[in-house]
Amino acid sequence: MSAKRGDKPKIIDFCCGAGGFTLASWQAGFECVAGFDSDRVLTSRFTENFPKTLLVKCDLRSARVSDILRSAGLKKASQVDGIIGGPPCQGFSSIGKRQLDDPRNVLIHHFFRLVKNVADRKSTRLNSSHL
């Protein structure tokens with residue numbers, strides 16, 4: 001962990017939406033330094049809900065690790081203690097339409113690509129039994 005004694009561990013929230021995971025992370029004692037999402041509607045309340053957390057509107061499909069770190073105000077991946085996120089699961093979920101051609105389905109792959117390169121083994125995500 002990069003957190004110094006007494007500091008809160010720093011995390012990043014991918015596909016942050018309105019900030020449900022961000023809220024849970026703050027309540028669990030983490031500091032969410034940035035939330036990333038490309039959906040203007042879903043993120044419309046994020047900054048209001050978390051005024052001390054940076055909201056970065058970007059498409060994770062084309063995001064690079066260096067862009068993520070720079071946008072979050074971090075210099076190196078070792079400053080990130082973990083990643084949380086809720087990539088869209090409508091195309092996989094038993095509650096959703098389970099459409100394999102849903103264009104949002106590819107975001108799960110980019111979520112894991114970024115997790116692997118930023119904070120491997122330190123992540124959590126929403127679960128869908130059909131992933």
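Visitor: Before we look around, what does "buried" mean here?
Guide: Happy to start there. This model is predicted, and a relative accessible area is computed for its residues with a 1.4 Å probe. A residue counts as buried when that value is under 20%.

Visitor: How many aromatic pairs does the structure hold?
Guide: One of them is edge-to-face, joining phenylalanine 14 and phenylalanine 36 at 5.7 Å centre to centre. In total, the aromatic pairs number 4.

Visitor: How many residues apart are phenylalanine 14 and phenylalanine 36?
Guide: Phenylalanine 14 sits in strand E1 (residues 10–14), while phenylalanine 36 belongs to strand E2 (residues 31–37). Their pair links distant parts of the chain, and the separation is 22 residues.

Visitor: Why does phenylalanine 14 count as buried?
Guide: The cut-off is under 20% relative accessible area. Phenylalanine 14 counts as buried because its relative accessibility is 0%.

Visitor: Which residues do ring pairs link into a cluster?
Guide: Phenylalanine 14 and phenylalanine 36 already form a pair, with 65 degrees between the planes. Ring pairs link these two and two further phenylalanines into a cluster: Phe14, Phe36, Phe111 and Phe112.

Visitor: In E4, which residue is the bridge partner of isoleucine 12?
Guide: Strands E1 and E4 run parallel and are joined by 4 bridges. Both faces of E4 (residues 82–85) are covered, with Ile83 and Gly85 buried on one of the sides. The partner of isoleucine 12 in E4 is isoleucine 83.

How values were computed
Residues are numbered from 1 along each chain as its sequence is written. This is a predicted model: local features need pLDDT of at least 70, side-chain atom pairs count only at pLDDT 80 or more; totals for chains, interfaces and linings use all residues. Side-chain values use heavy atoms; hydrogens and water are left out. Rings of Phe, Tyr and Trp (its six-membered ring) pair if their centres lie within 6.5 Å; planes under 30 degrees apart count as stacked, over 60 as edge-to-face and the rest as tilted. Helices (H or I, at least four residues) and strands (E, at least two) are DSSP runs, numbered from the N terminus. Buried means under 20% relative accessible area, exposed over 50%, partly exposed in between (1.4 Å probe, protein chains only). Two strands pair if DSSP finds at least two bridges between them.
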